[in-house]
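Here is a short briefing for a reader meeting this structure for the first time.

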Amino acid sequence: MPLIRRKKASENDNNPTTSNPTPDEKEEEEDKNNTKKANAKKAKKSKNKNKWSCVDSCCWFVGCVCTVWWFLLFLYNAMPASFPQYVTEAITGPLPDPPGVKLLKEGLRAKHPVVFVPGIVTGGLELWEGHQCAEGPLCWVEHMSLDNETGLDPPGIRVRAVSGLVAADYFAPGYFVWAVLIANLARIGYEEKSMYMAAYDWRISFQNTEVRDQTLSRIKSNIELMVATNGGNKAVIIPHSMGVLYFLHFMKWVEAPAPMGGGGGPDWCARHIKAVMNIGGPFLGVPKAVSGLFSAEARDIAVARSIAPSVLDNDFFGDFGLQTLQHVMKMTRTWDSTMSMIPKGGDTIWGGLDWSPEEGYVPSKRKQRNQGTPVSGQNETETMACEAKAVNYGRIISFGKDVAEAHSSEIKRIDFRVMHQGAIKGNNVANNTCRDVWTEYHDMGVGGIKAVAEYKVYTAGDILDLLHFVAPKLMARVSAHFSYGIADDLADPKYKHYKYWSNPLETKLPNAPDMEIFSMYGVGIPTERSYVYRLTPSSDCYIPFQIDTSANSGDEDCCLKGGVFTVEGDETVPVLSAGYMCAKGWRGKTRFNPSGIRTFVREYDHAPPANLLEGRGTQSGAHVDIMGNFALIEDVIKVAAGATGEDLGGDQVYTDIFKWSEKINLPL
């Protein structure tokens, strides 16, 4: 029998009274149906909300980060100014008073007007006229480069120095240069009318800052104005880094008759300058300038290049039209000012193939100091064991570690200087893997590049010939603006030319016996002195030379690390360059200092920050960070308030600068 199912009764079947619903009942039924539909729609929407996409997660995360950031920023701006210091002191204990506060309590007040002279890169530049181009690194490089023929502005571009104290107070937000020193001077009463930032375009040659911008004339007139409006008190000049060389040039320019000079007369410095307090001065140049021009490298860049060559050379950035080091080299070789920091004095100062003033130097680990506890005495160090062979620091560039360590009699060299003519040039080394970034290595040919490497070793006396070979356009320009020798007879009329004025070995200090000169610099940090190079594969295209980062001494505490030999210094300027002139070359009455200007060497032993809250450190000896060194700032403020070098305690020395200076056989 078939299965018969009973039909399910409907509401109408079960309720005969509703077979013919009234209008009110119909309306009630429609409301129920609408409610059901709305509930279903909400349920569906809620179900869709539960499907969380990756974009939703990212937006939520970014939103949370922004909210927290703005909330913290609001709290930071709303909190009392003393609260960050309160938190820091709660963790580290009471902090010492800043130098300005401390010296104000001791009764020091503003007296002598102060002039700051910034160094290379740290001074601000601004664009006054430029080209229409897409924003980015290549556009920046185009506007920062100068004309490779004239060393001045390219057509249609005008970049000029920023004026005022803001020109070099901070290099970037949060990274101070002069700001800490300015703030501490303000504590004892200094104002903008008694402080002047001698800003200049640090890319162009020193004399051209006057030709193009009249910068030297502006410095002269501002110093004269500040002296006249500050009761006749002479100015205290505080140059930093390359600014030290720039002010050396100024002191000769201001005395020299017009049109080459400022026409101030031979006693201008004596009438207007109390002291020149040079900070981190590369008086005799820096080897780092050689490696920068030769291969666009220093130690840190060389390490990065060895770890990720595709990033700095071609393969990665090349796809975007960028070759980082090639562009850097092309740009910096248009900056004539870089040549002011090439080592001066040749082998007499820097040493030859088998000797150097620092011969016998052993890396040492300075005794750790408690914050605020000074180190007294000279050479208070803890010597580390070092079994390496004697280091030939005089070999600024060596092709290969074996060459760097071999005796000169064992080195066979092919002299590239006889190969300027003929087939050695003109064979383009570019290949299909290279982007079209022209450098002068294009023109050298494979033979020329190999000849440079086959010369094996370059001392300070060879460096100029090397640069003439690899950077002829740069050297053709700067030969009219800078000189690197040692004067035989300073009475020779040729030394009246401005090309000699920034070289302390080819010019005299002013006739100002009451003036004082300080050499203030950091020590205790390994500083680049000479390099081990290798010839790079042809795939590296336009920069065929590279620091050999695989070259090490074997002992982690010895001088050779990552292809770089290091000595005492502030990480940029070796002690020899920063200290020699004040330690010996200018000390007493010498042919370079005929009026007997008093000189002082003030070294500041590097101590790293005690904790992260201390930032870059109040006892740092690093080349730029030393501008926040409390001990240095105290010395500057005391002199600005009227103290002399003797009042500061005379020399303050931790290294063998006097011993090394005595090894230099230079008639004085």
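Helices α8 and α10 are roughly perpendicular to each other, because their axes cross at roughly 65°. The model is predicted. The points below take the helix packing first, then the sheet, the loops and a cavity.

**Helix α10 and its two partners**

- Helix α8 covers residues 206-213, and helix α10 covers residues 242-255. Their axes come within 9 Å.
- On the α8 side, the contact is made by Phe206, Gln207, Thr209 and Glu210. On the α10 side, they meet Met242, Leu245, Tyr246, His249 and Trp253.
- By class, this contact of α8 with α10 has 5 nonpolar, 3 polar and 1 charged residues.
- Helix α9 (residues 215-229) also packs on α10, at an angle of about 75°. The axes of α9 and α10 are 11 Å apart.
- An angle from 65 to 115 degrees counts as roughly perpendicular, so α9 and α10 are roughly perpendicular to each other too.
- From α9, the contact takes in Thr215, Leu216, Ser217, Ile219, Lys220 and Ile223. They meet Tyr246, His249, Phe250, Trp253 and Val254 of α10.
- The contact of α9 with α10 divides into 7 nonpolar, 3 polar and 1 charged residues.
- Tyr246, His249 and Trp253 of α10 meet residues of α8, and these three also meet residues of α9.

**The sheet**

- An open sheet is built from 6 strands. Their order is β6-β1-β7-β8-β13-β18, and the pairing is parallel.
- Strands β6 (195-197) and β18 (598-605) sit at the edges, and each pairs on one side only.
- From one strand to the next, the twist averages 15°.
- Strand β1 spans residues 114-117, and strand β7 spans residues 235-239. They pair in the parallel sense over 4 bridges.
- Val117 has Pro239 of β7 as its bridge partner.
- Strands of a sheet pair through backbone hydrogen bonds.

**Helices across the sheet**

- Helix α7 (residues 179-187) lies across β1, β6 and β7. It runs at about 175° to β1.
- Helix α22 (residues 630-640) lies across β1, β7, β8, β13 and β18. Its direction is about 170° to β8.
- Strand β8 covers 273-279, and strand β13 covers 516-523.

**Loops on either side of α10**

- Ser241 is found in the loop between β7 and α10. Its phi is near 55°, a positive value in a residue other than glycine.
- Pro259 is found in the loop between α10 and α11 (268-272). The peptide bond from Ala258 to Pro259 is cis, with omega near 10°.
- Most residues other than glycine have a negative phi, and most peptide bonds are trans.

**Cavities**

- The whole structure holds 3 cavities of 30 Å³ or more.
- The second largest cavity has about 50 Å³ of space.
- Its lining is made of Leu248, Met251, Lys252, Thr507, Lys508, Leu509, Pro510 and Trp586.
- That lining divides into 5 nonpolar, 1 polar and 2 charged residues.

How values were computed. Residues numbered from 1 in each chain as written. Predicted model: local features only at pLDDT ≥ 70, side-chain atom pairs only at ≥ 80, totals over all residues. Heavy atoms only, no water. 1 Å grid on protein atoms, 1.4 Å probe; cavity = no way out; pocket = protein on both sides within 12 Å on 5 of 7 lines; lining within 4 Å. Points joined across faces, edges and corners; volume = space filled by probe spheres on them. Nonpolar A, V, L, I, M, F, W, Y, C, P; charged D, E, K, R; others polar. Pairing = 2+ DSSP bridges. Helix = DSSP H or I, 4+ residues; strand = E, 2+ residues; numbered from the N terminus. Axes fitted to C-alpha atoms, helices over the stretch in contact; angles between N-to-C directions. Contact = heavy atoms within 4.5 Å. Parallel < 35°, antiparallel > 145°, perpendicular 65-115°, else oblique.
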